[in-house]
Amino acid sequence: MYSIIRPNTWVAIRLPSGVTRNILVTPNATISLGKYGSFPANFIIERPYHITFEIEDQRPDEKFSRIRIVPASELYAEIFADEESPDCSAPTADAAKSVISAEGGAEFTLVDAESGKLVTRSNGEVIDENARQTLTQDEIEELKREGNNAGKDVIAKLMLSHTALDQKTSFSLAKYKLLKTKKYIRRFQILPVDVPNLAHWQLEERDASKILDLRAEMIALVGSWGNVHYGGDSVYLEDPQATCEQGEEALAPLREDLLKGRWLVVDDTGGLLVAAVAERMGVLFPELDEDKSNLDEQTKRQRQEAEAEAEENQDGDVVMADVQDSAEKPNDGAKPKKPRSSDFEIPFSQTNTITVVHSASQPSLAFLGYWNFDAVAPSHVEHPLCRHLMCLTWLQLLKPELDTAYSTPPLTASTELLASWKPSRRGNFHRKRRRFARTKHIVEATRAGGFSGLVCASTMDPISILKHTLPLLAGGAPVSMYSPTLEPLAALADSFSVSRRTAWTSGTVPEVVVKTVEELERWEGNEQFPLNPTLLLGTSIQTSRARRWQVLPGRTHPLMTERGGTDGYVFTAWRAKPAEGKVAAKGKFKRRKLETGSAAESEAAETPIA
């Protein structure tokens, strides 16, 4: 996670009114905050997060507004003054007893019994704000246009022009000043766009249904029960150095021994769940400039290739190594360039990866754009997700032979024929070959199984999801599935109940008696047993909701105006590998007689038979 604001990154700007705006910080651009003003984006680049800024008045010789950092002593000046005040002592128990309930709505006061000082006064009288405020709306707008002292002068004049401040209680006065400060003060705070902040912004200020009402505490719960963590250093398959005349036989073979630290994800939240998983695995945020030396060799080579292609091919054409004649051209003393990889090089890591299964032609991962990643057209080789995120459709997972991108053999062409084509045709030729290699590897690696866990937040039936994803999990892998409603998860938990497992193992299902263990893992199920009840253990359903509290002297309670909506539920379980054959206990056992049993036998022997 970044500690300072980087160029071309998204930040969350929290305004005094409590509204949050996600803004892309572009160098030499202007950031507009509506009625609060605007300022150049260069003023906040390379500044730390979590700092409160204030937009200053525009200087006569400048056409932009500057910003300044508001120190903590100024932010909390009133709180410090109240704490140091001698009148800031809490009311005593005797003073609390002096509260009298007046009848008929009469005004009453709370008086300290010892000193006789007024502690507070009731707000029984309704104060008409419009009648007690002498400043008109036109005068307030004129003060705002003048923009003196970052809005503090407007607040001061509003307080001085109110004729009924002495009739307000201390609580009402503090509330009135807070409302005017939020409305007119030109301050803002910059926060990083992380997963909790983005989820809160989407819930409170955007459409919560797009993320299935997935709150920050539920995101943490899903990731924790899914045991999502860093899966190991990046490991890549060796480049086969295939020429354009070679076909599918030149692909690098899949090595199942390298497939480790992988998680299977089903995401219908627009990419928010994938972002949460990637954050836990350490592949969400791009590498910093000072960490370029620590990048793996594969990423370095891909970056050099992209830079070389951008320099040599202005029209976007991709010219491969086997059709280049750079060896025959003079280099003019320049540094020789590294040979580019072949079309069949697999750019994905074999460890610490995320595999997303989606139902559309393209994965819906729009929220990953807040971390500068485009899942549809990933042209940025620096982002870690380019090497650690793989996507495939349900069709490719279940019936890959029906998918044209997988079943269509790769194109081949001789060197002479390829050199005679136009640049655009050559580019399409190489693009289709690379797409085939990527699709082939993703499908085969996914169908090979061995995943470390399953994390799901989808509107699909969870039983149908587990029917095809459970065989892909390794033994002991956790399953964590989120649903905004309880009913689908309750039906899923009932499929793995103890009674169903007992009926399954007792042999009451005739169609599964003759099947092997591998066939039972991929059993399609029936009406009574939709899933194999022995494949999951420790099933449970849980929920959690963190509510905000107002913590004030004598007024501590949950916030009653907080957003409602669904609480959400999480189904958790662990993948079990059924034992083959019969389970028998082995070892030496000694039969011991119980004392009660021996006493009963002696009594029976002494009793005469009538």
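The model is predicted, so to speak of local features a pLDDT of at least 70 is needed, side-chain atom pairs count only at pLDDT 80 or more, and totals for chains, interfaces and linings use all residues. Residues are numbered from 1 along each chain as its sequence is written, and side-chain values use heavy atoms, with hydrogens and water left out.

An open sheet of 7 strands runs in the order β12-β11-β10-β13-β14-β18-β15, with mixed pairing; strands are DSSP runs (E, at least two residues), as are helices (H or I, at least four), numbered from the N terminus, and a pair requires at least two DSSP bridges. Because β12 (389-393) and β15 (536-542) stand at the edges with a single partner strand each, one side of each has no neighbour in the sheet. From one strand to the next, the twist averages 15°. Within the sheet, β14 (residues 478-483) and β18 (residues 569-575) run antiparallel and are joined by 6 bridges; Ser483 stands opposite Tyr569 in β18.

Helix α16 (residues 423-447) lies across β10 (260-267), β11 (351-358) and β12, at about 85° to β12. Angles run from 0 to 180 degrees between N-to-C directions of axes fitted to C-alpha atoms, for helices over the stretch in contact, where contact means heavy atoms within 4.5 Å.

Helix α18 (residues 487-495) lies across β14, β15 and β18, at about 25° to β18. Its buried residues are Leu489, Leu492, Ala493 and Ser495 (under 20% relative accessible area, 1.4 Å probe, protein chains only). These cover an arc of only 150° around the axis, so they sit on the same side of α18; the arc is taken from the directions from the helix axis to the C-beta atoms. Their cover includes α17 (462-469), β14, α19 (498-505), β15 and β18.

Definitions and conventions. Buried means under 20% relative accessible area, exposed over 50%, partly exposed in between (1.4 Å probe, protein chains only).
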